Structures are given as C-alpha cells and as structure tokens.
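Open the model in your viewer and keep the sequence beside it. This tour says what to select at each stop and what is there.

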Amino acid sequence: MTDDGRRGDALSPEEFARIVRTRSAVRSYAPALIEERVLDDLLDAMLSAPTGSNAQAWSFVVVRDAAALRRLRAFSPGLVGKPPVVVVACVDGSRLDLASHDGAPELCVTMAVNTLLLTAHAYGLGACPVTSFRTGVLRVLLDMPDHIEPVFMVPMGYPAGERHRSKRRPRREVISYDLFGQHTPLAGA
Ligand SMILES: Cc1cc2nc3c(=O)[nH]c(=O)nc-3n(C[C@H](O)[C@H](O)[C@H](O)COP(=O)(O)O)c2cc1C
C-alpha cells in the first residue's frame, strides 16, 4: 500500500484520468490483429459496466472473419477504415421483463460500449462508436434472432497514423454548480 491507501501497482488517478481524456475516435487501423489475450481483457472490462437493475439485457457479437467484416463495411456508412475486429453491441430483448428493470436498455449498452472504448485506448488500440448502419441488413448478416437489437458497432484495431483529438465545448458553458446556469462555484462550497 502507498501512503494514500492505493496498492503499489495501481494506476494513479491522474494516469487514469489522462487515459480517459486522451481517448478519441480512431477511424484508420493498421492490419495487425488484436491479440486474443488483449481482446479477452477488453471484453471482460466491457462486461463490468453498470447496467439497470443488473439485468444485463445485452449481447455482443465479435466479428473477426475477413469476409464478414467486408460485408459489415459494405452496409455501414458510418464504419470507416478496415478494422480487424468489430464488436456489435446489442440490446437483448429477452431479458427486458426481468423484475424491476427500469433502465432504458440502450443506455446500458452505451455504458458497456464506452467502457470498451476507454479500455481499448488504455491498451493502445483505437476504436470508434458507430451507429450509422443498416440495422435490418446487419441482423441478417449476423443471423440475429428477433429479440436482439443492434445499437452500436465498435470497430477496433491498432491505430494507423496520428490520433486527432476533437474539440470540446468550453467547460464554463456546460457545467453549472448547485443551480443550473451558475457557472462559478460558490466560495467555500
Ligand atoms: C451515439 C454516437 C454515434 C456515433 N456514430 C458514429 C458513426 O456512425 N460513425 C463514426 O465515424 N463516428 C461515430 N461516432 C463518433 C463521433 O463522431 C465522435 O465521438 C465525436 O466526433 C467526438 O469525437 P471523439 O470521440 O474523437 O472525441 C458516434 C458517436 C456517438 C456517441
């Protein structure tokens, strides 16, 4: 343990925040494959995301087959580049009637996708959340039953070239303190 109670081998909060801050959408991928062990780590991290009533009303298809990837790209205008892996993140409608599941299931899938994006970045991979695809065609291509609803595609791979950070709106514009529109924290609060 360190003095502040953290385990000696743990990532510092500052390092973790840097990883979160430096993530950006990557749309150009090197042909290198993602190692099995790394992919397993990413998927495990993804499945640890929060989910309404812990219903885990989600299901994911990991697409790696070259011909299947080509077909996905052909019907997905938002899928740019040639990623070696695409994770298709779906709502599993068969779990929606689980007692007291009150969260919108798409939100749970989104939580999982964001966790995947951040973990991929931490491993030096690039990824991009994609919603511009033809749902009907995707269902047929991946042989999905009716209760499975694709929400996101996440192409992933080692980035080819530089990352481009996109601009964010000024913090002052989007964060209020205590009351909406109060953009400066009150002294002593
Ligand atoms: C709900 C959602 C849908 C998105 N769909 C696409 C998409 O279809 N294709 C794409 O290239 N990027 C897509 N993106 C990525 C955004 O364009 C990207 O996150 C945004 O420009 C901010 O850039 P950054 O992620 O690099 O910070 C999507 C992002 C979100 C959150």
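A residue counts as buried when its relative accessible area is under 20%. The model on screen is predicted.

**Stop 1: strand β4.** Select residues 148-157, which form strand β4. Of its 10 residues, 9 are buried, so the strand is largely enclosed by the rest of the structure.

**Stop 2: an aromatic pair.** How many aromatic pairs does a search of the whole structure find? It finds 1. Select W58 and F60: their ring centres are 5.8 Å apart and their planes meet at 55 degrees, so the pair is tilted. Are these two residues buried or exposed? W58 has 9% relative accessibility and counts as buried. F60, at 18%, is buried as well.

**Stop 3: the largest pocket.** Turn now to the largest pocket, with a volume of about 380 Å³. Select R23, S24, A25, H164 and S166, which are the closest to its centre among the 19 lining residues. Then show α1 (13-22) and α4 (105-122), the elements that each give two or more residues to the lining. By class, the lining holds 7 charged, 6 polar and 6 nonpolar residues.

Key. Residues are numbered from 1 along each chain as its sequence is written. This is a predicted model: local features need pLDDT of at least 70, side-chain atom pairs count only at pLDDT 80 or more; totals for chains, interfaces and linings use all residues. Side-chain values use heavy atoms; hydrogens and water are left out. Buried means under 20% relative accessible area, exposed over 50%, partly exposed in between (1.4 Å probe, protein chains only). Helices (H or I, at least four residues) and strands (E, at least two) are DSSP runs, numbered from the N terminus. On a 1 Å grid over the protein atoms alone, a cavity is a set of points where a 1.4 Å probe fits but cannot get out, and a pocket is an open set with protein on both sides within 12 Å along at least five of seven lines; lining residues have an atom within 4 Å of a point. Grid points are joined across faces, edges and corners, and a volume is the space filled by probe spheres set on the points. Ala, Val, Leu, Ile, Met, Phe, Trp, Tyr, Cys and Pro count as nonpolar, Asp, Glu, Lys and Arg as charged, and the others, Gly among them, as polar. Rings of Phe, Tyr and Trp (its six-membered ring) pair if their centres lie within 6.5 Å; planes under 30 degrees apart count as stacked, over 60 as edge-to-face and the rest as tilted.
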